[in-house]
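Student: I have some labels to check against their cut-offs. Show me the structure and let me ask.

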Amino acid sequence: MALAFDEFGRPFIIIKEQEQKTRLRGLDAQKANISAGKAVARILRTSLGPKGMDKMLQSPDGDVTITNDGATILEQMDVDNQIAKLMVELSRSQDYEIGDGTTGVVVMAGALLEHAERLLERGIHPIRVAEGYEMASRIAVEHLERIAHKFEFSLTNVESLVQTCMTTLSSKIVNRCKRSLAEIAVNAVMAVADLERKDVNLDLIKVEGKVGGKLEDTELIYGILVDKEMSHPQMPKQIEDAKIAILTCPFEPPKPKTKHKVDIDTVEKFQNLRQQEQKYFDDMVQQCKDVGATLVICQWGFDDEANHLLLHRNLPAVRWVGGVELELIAIATGGMIVPRFQELTPEKLGKAGLVREKSFGTTKDRMIYIEHCANSRAVTIFIRGGNKMMIEETKRSIHDALCVARNLIRNNSIVYGGGAAEISFSLAVEAGADRYPGVEQYAIRAFADALDAIPMALAENSGLQPIETLFAVKSQQTKEDNPCCGIDCNDVGTNDMHEQNVFETLIGKQQQILLATQVVKMILKIDDVISPSDY
Amino acid sequence: MAIESLFKDEATEEKGERARMASFIGAMAIADLVKTTLGPKGMDKILQSTGRGRSVTVTNDGATILKSLHIDNPAAKVLVDISKVQDDEVGDGTTSVVVLAGELLREAEKLVATKIHPMTIIAGYRIAAECARDALLQRVRDNKEDAEKFKADLMKIAMTTLSSKILSQDKEHFAKLAVDAVMRLKGSTNLESIQIIKKPGGSLKDSFLDEGFILDKKIGIGQPKRIENAKILVANTAMDTDKVKIYGARVRADSMSRVAEIETAEKEKMREKVQKIIAHGINCFVNRQLIYNFPEELFADAGILAIEHADFDGIERLALVTGGEIASTFDNPESVKLGHCKLIEEIMIGEDKLIHFSGVEMGQACTIVLRGASNHVLDEAERSLHDALCVLSQTVNDSRVLLGGGWPEMVMAKAVDELARKTPGKKSLAIEAFSRALIAIPTIIADNAGLDSADLVAQLRAEHHKETSNAGIDVISGSVGDMAELGISEAFKVKQAVLLSATEAAEMILRVDEIITCAPRRREGM
């Protein structure tokens, strides 16, 4: 195998310590890879769609996560297999790029692999299969553009955005109040969206969660929520028309970077130094006061003395605010982050209509709300829920919904959900296959078949007869030439996704096809797996 | 083939029915564990810690029990978590929420066994929970307008909460303590300002509420033991040696005389600081940090009572009570707000000397001194009292009140049952199951009290068939009684939180069809 012979006919070894490595080659390697990919897809298959089930994951430290989000499931699964890791990467890149459809992309890749395996068994070369898939994906993407609808929305008319977000949320545990959550997500995105550049910076949306209360209490705050409290218990809990000094320097004597020593050798020096120190504190507070600040937000801690001086001069302060939060506060209030006291000027102060401290529950939990900011471009979504896992899952769901809304602002094309898009381009690929001569045609056909896997899984998860339902819908699509027919997961009674208001974003779907095809191509091209043995 | 090595070694995966079974069993085991503590006749548990000393806790509080368990089952962890949240959020009902979630899952298991899809069960549960909540909302009473009645309500709630705890013998006494303490808060939910001091000795009945403030500290030697019309400066400052805070400063002396000089300067500095503090015109000085002998002596000379090392909570409370501010610099004596109180004296509780501040300006804070036979009793008493205080402070804000003794469960069960009959489709089975799970709670209460639960619950159902019945289980006499007459009340907020979190948790566990457990992280030295 890995033996070669030199010119004298003596064998020598190319790969060192061969017997300690496990090695798979040729068809075996491909089959092993495909079955690993399929195994991952099989885990996610049941999570697809509005009636999909959740997975419970226990981390190495014993923490429990319950989720329906494909990317999260795969990330937390302790995957060891290389190919399985590729699938994990796949869903992660879908998550980064689009944010939604992370389950779908893996299921699609799994189905493509499954059909590729059959072709390989017939002796078709993997590269030919890969090429066929590539062509098919091109047909599918083009077809998608054709069937996509554009819809109009404006700052005042966001109904269609809300509908699309609701489709995303309906597969999560939060679907009990998907309407309100979708509205929150859309409003949040609209608040920070730059409609001219068609871009949304999701960093401006902060998602905070706190256990307790119920899901219905989740709210959108036009401002920033900081999980901190006033540095001194006796500072005022509510400040109106606050002028905020945002500092990244501690209320402490300076610590120069260069090494230095201050020697005290006489009594005078000792006293001098002490006065200096006191003056220093006094100056710091005075500088803040002089520029007219009524609230100090600081990234670092304060000395006890500084703290008291602040209280004394009636200057409320918040300490140990994280860097990200600090930036958000600066954006929201229109202030500048000031790294040195000397540089404080009145123009650099941020402005907020109302800053208040609110306490929760029976324990000493307090949070600071900064609202009515000068620039309402930064918002916070504050999630409440019965337990920690619920909050985490809601955070993930909201993130998905936010991504969907952002994608729609970037590109307002939609396709129909509920498997309608998949069925439609499966038909298109099937029809397009005939135009390609050669072995690739087989692969294109297989691609079309594989695309059926998603509506099939949807139907299966919803408790419908998968094959029967799928082909009924398929024939309906061909007969009526209506790409809006999908699987009726919610038992509404109509197959028309347009009526059910089930939408998905065009770029999300396109990205799914492209990513899945790419990964499958990559997996098919591998014909040799060399892994070091356990040591 | 390669599928076996999909996961890392030791990582396990359970699918479908097996996964569901594992979570049902785990959740029900937890529910059964705490089940026996429910209700006024519920039993306590002994918890022995694995830490050093094998310390023992005797408790009846669901959250405390569950917190101390080492659990491996992920579904069980969900239940522990909801109980913790219930504790943080409303303080009471920690056992009920777990038991209700357990019962919901038990019913769900039966439905799953008859081939009903978990999603259908979830849909049914959701409708049922909504309906149950509406039913409760219709029957709440709100006595916020009438202060007298409201206070009576609070009293009843406190007694109901305490009746299942170790304090049940003296529940009237403690209910009064709790209500008084909470009324002083005037609507704030900050329980920090109610201080609970535990002193072993005496009996539970000797516990009392003190309007003033008690600090668990001794007065320094040679300082006045009693001050009238005290002016108090509350401080958080170093009273040992004032460190030079400028970075990199160090003392370098080249002769003994220099060292001595600097030492004097240091002493001088401290003396100055003390002088400044004295210049505030105070006669009592409370510091969070240590006070060294030297400044203490200076204070004693000036006839000032100096108290050192009061913990941070104590300082905050003291500042709150006396109306002073917590000071760290002392350069502007005229503008520092001083705290005032009529009298500071040393008092004895049992064998310990404590400092008592009475006649304070701000009435918000108060101290409850608990007395009891042993530390275990005191700990449990504190937990019980804490529960009662939590519930009361929440009720002050949300004054809606329900009857107790299984009454709310029966009302909900009735409404849910009626809904089930009206609902077409498989969901109605799930809704019916929800109603059965609700009835399980009065059943368990009766069982725990050693009563014939089947008989009692049947009577209760019949009673509730009439409109506007007030019937509930009277555990003391072992029969069905009128809860309004018996004065057994519960806070609406607690019941609502129990209902919603239990349904949410049950739903979460039901939705799971696969459990993936990662390999436990290897710890060093294992």
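Student: How far apart are the C-alpha centres of domain 1 of chain B and domain 3 of chain B?

Tutor: They lie 53 Å apart. Keep in mind that this is a predicted model. In chain A, the C-alpha centres of domain 1 and domain 3 also lie 53 Å apart.

Student: What makes up these domains in chain B?

Tutor: The assignment gives domain 1 as 12–141 + 403–517, domain 2 as 145–209 + 365–398 and domain 3 as 213–362. For chain A it gives domain 1 (21–150 + 416–532), domain 2 (152–222 + 377–411) and domain 3 (225–375).

Student: What are the overall figures for chain B?

Tutor: Its C-alpha trace spans about 95 × 70 × 40 Å along the principal axes. There are 16 helices and 20 strands. Of the 526 residues, 55% are buried. The accessible surface of chain B is about 22500 Å², with 51% of that belonging to carbon and sulfur atoms. Among contacts in chain B with a separation of 6 or more, 75% join residues 24 or more positions apart.

Student: Why is B:R317 called buried?

Tutor: Its relative accessibility is 11%. Buried means under 20%, so B:R317 counts as buried.

Student: Where is B:R317, and what does B:R317 touch?

Tutor: B:R317 is in helix α10 of chain B, residues 312–322. Not counting residues up to four places away in sequence, B:R317 touches B:E192, B:S193, B:I194, B:Q195 and B:F213. Take B:I194: 123 residues separate the pair in sequence, and the C-alpha to C-alpha distance is 8.4 Å.

Student: How do you know that A:C165 is in no disulfide?

Tutor: The nearest cysteine sulfur, that of A:C403, is 9.9 Å away. A disulfide needs the two sulfur atoms within 2.5 Å, so A:C165 is in none.

Student: Is A:C165 buried or exposed?

Tutor: Buried, because its relative accessible area is 0% and the limit is under 20%. B:C518 has 5% relative accessibility, so B:C518 is buried by that cut-off too.

Student: Why is A:Q500 called buried?

Tutor: Its relative accessible area is 16%. That is under 20%, so A:Q500 is buried.

Student: What does the side chain of A:Q500 reach?

Tutor: The backbone oxygen of A:T494, at 2.9 Å. A polar contact is within 3.5 Å, so this pair meets the distance limit. A:Q500 is in helix α16 of chain A, residues 497–500. Leaving out residues up to four places away in sequence, A:Q500 touches A:D488, A:V492 and A:T494.

Student: What makes A:S426 buried?

Tutor: A relative accessible area of 0%. A:S426 is in helix α12 of chain A, residues 420–433. Its contacts beyond four places in sequence are A:A448, A:L451, A:D452 and A:K474.

Student: Which residues have the most contacts inside the largest nonpolar core?

Tutor: A:L247, A:F251, A:I370 and B:F434, in a core of 214 residues. Another core lies apart from this one, with 70 residues, among them A:A36, A:I423, A:A450 and A:A453.

Student: What is A:F251 in contact with?

Tutor: Beyond four places in sequence, its partners include A:F281, A:M284, A:V285, A:F302 and A:F341.

Terms used. Residues are numbered from 1 along each chain as its sequence is written. Chains are lettered from A and ligands numbered from 1 in the order in which they are written. This is a predicted model: local features need pLDDT of at least 70, side-chain atom pairs count only at pLDDT 80 or more; totals for chains, interfaces and linings use all residues. Side-chain values use heavy atoms; hydrogens and water are left out. Helices (H or I, at least four residues) and strands (E, at least two) are DSSP runs, numbered from the N terminus. Buried means under 20% relative accessible area, exposed over 50%, partly exposed in between (1.4 Å probe, protein chains only). A polar contact is a pair of N or O atoms within 3.5 Å; within protein, one must be able to donate a hydrogen and the other to accept it, and residues adjacent in sequence count only if both atoms are side-chain atoms. Contact means heavy atoms within 4.5 Å. Domain bounds come from an automatic or database domain assignment. A nonpolar core is a set of buried Ala, Val, Leu, Ile, Met, Phe, Trp, Tyr and Cys residues joined through side-chain atoms within 4.5 Å. Accessible areas come from the Shrake-Rupley method with a 1.4 Å probe; for residues, only the protein chains shown count as cover.
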